[in-house]
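Hi,

Here is the model I promised to pass on.

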Amino acid sequence: MAQIYAYIEHHDGVLDDTAMELVVAGKKIAAGPVTAIVTGSGIDAVASEAAKIYPEVIKIDTPALAYPNAEVIRKALVNILPSGAIVLLPHGPFGMDLGPGLSIKMDSSFASDIVDIEGTDGNLVKLIRQEFGGVVSVHVTSDISSGAVLCVRPGAMAPDESKSASGKITDKSGDAGDLSANRKFLEIVEPEAGDVDITKADVLVSIGRGIEDQENIGIAQELADAMGAVVSCSRPIVDAKWLEPARQVGTSGNTVKPKVYMACGISGSFQHLGGIKGGFIIAINKNPNAPIFQVANVGIVADILEFMPALTEKLQG
Ligand SMILES: Cc1cc2nc3c(=O)[nH]c(=O)nc-3n(C[C@H](O)[C@H](O)[C@H](O)COP(=O)(O)OP(=O)(O)OC[C@H]3O[C@@H](n4cnc5c(N)ncnc54)[C@H](O)[C@@H]3O)c2cc1C
């Protein structure tokens, strides 16, 4: 079995939660150790954190990698990874930028949006991945005889939070090779500050396209008021300018960790689910096959425009 590597995303010196998930994904492929790869500039602290999760950490620490430019990181990985390597990436916007091209450069197989790994049979790793925006789960095998790049959906694996490893850190910055790029980093655009901070809320009433009309947002606000909750939303609601960007949950919005997340008329795309880290998920959707029901702790098949006012009335007693 080829060596398994997990690419570790980090932001402002903090490891992404997927660091604790990819180690679990790696162990589902094979029992052996999984090696973390951390790239960036001035990343000693990040590498040390990764070493609490992984028995081995490879560090590529150079100013050329100060910003997460997939083109440059791809070059570095191709130079340091052995042929036949199995590389695990988080299936987020960055992983999808990095992964497909990396598999082409490494001449290995590629699979995206993996929600579970059912083990390995010889050279075939058995994967469950989602297609058509999460509407169907597909059981596939990926031939790993020449290596593989596997993008695992954030939140799909129960994280290993034990942080019990004391991994060895190896500096491979000198082996990264030519890191010149055609794609140039310009600036980081921080999201606009809003009047609410959904990342601090214990209870979120989150609305999606199922709310149907801007005028119906009042229905969600009334329910949120009755529950002592804050209103958040999926991206189409922000795109329609019905709510401000500060209320968006997801990979291109905010990451939230509420105690209760009530998803109302939200289908459950991976971009949306990628922004929900923990919490008890209650999903209300009129489509019984909506993907959100696969991750919800409680699923209610109902029309939110009837369900939400009825619940508000009950709560107001
Ligand atoms: C690069 C990129 C980044 C993205 N980032 C994000 C992000 O950060 N956050 C995000 O949310 N999305 C993001 N998206 C968009 C994402 O792919 C989905 O399109 C989006 O999450 C869908 O939002 P939704 O669930 O509200 O709408 P839909 O997928 O249209 O789902 C609406 C749901 O409402 C249900 N429904 C309709 N009417 C009712 C009713 N009356 N009662 C009950 N249920 C009803 C339907 O059955 C359906 O399941 C991103 C996309 C890209 C390409």
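First, a term: I call a residue buried if 20 or more other C-beta atoms lie within 10 Å of its own, exposed if 12 or fewer do, and partly exposed in between, with C-beta atoms placed from the backbone. Bear in mind that this is a predicted model, where local features need pLDDT of at least 70, side-chain atom pairs count only at pLDDT 80 or more, and totals for chains, interfaces and linings use all residues. Residues are numbered from 1 along each chain as its sequence is written.

Val-34 is a handy place to start. Val-34 is buried because 22 other C-beta atoms lie within 10 Å. It sits in strand 4 (residues 34-40); helices (H or I, at least four residues) and strands (E, at least two) are DSSP runs, numbered from the N terminus. Contact means C-beta atoms, placed from the backbone, within 7 Å. Leaving out neighbours within four places in sequence, Val-34 touches Ile-4, Ala-6, Val-23, Gly-26, Lys-27 and Tyr-54.

Now the sheet. Strands pair if DSSP finds at least two bridges between them. Nine strands form an open sheet with mixed pairing, in the order 9-8-7-10-6-1-4-5-11. Strand 9 (136-143) and strand 11 (168-171) are at the edges with a single partner strand each, so one side of each has no neighbour in the sheet. From one strand to the next, the twist averages 35°. Strand 7 (residues 109-121) and strand 8 (residues 124-131) are antiparallel, paired over 5 bridges.

On to the helices. For angles, axes are lines fitted to C-alpha atoms (for helices, over the stretch in contact), and values run from 0 to 180 degrees between N-to-C directions. Helix 1 (residues 18-29) lies across strands 1, 4, 6, 7, 8 and 10, at about 145° to strand 6. Helix 4 (residues 93-106) packs on the sheet too, touching strand 6, strand 7 and strand 10, and its direction makes about 165° with that of strand 10. In helix 3 (residues 70-80), the buried residues include Val-72, Ile-73 and Leu-77. Their cover includes strand 4, strand 5 (56-61) and helix 4.

Finally, the ligand. Its shell has 29 residues, the closest being Gly-208, Gly-210, Arg-235, Gly-250 and Ser-267; a residue is near a molecule if its C-beta atom, placed from the backbone, lies within 6 Å of it. Helix 6 (235-239), helix 7 (270-273), strand 15 (280-285) and helix 8 (304-316) each supply at least two shell residues.

Cheers

Key: Contact = placed C-beta atoms within 7 Å.
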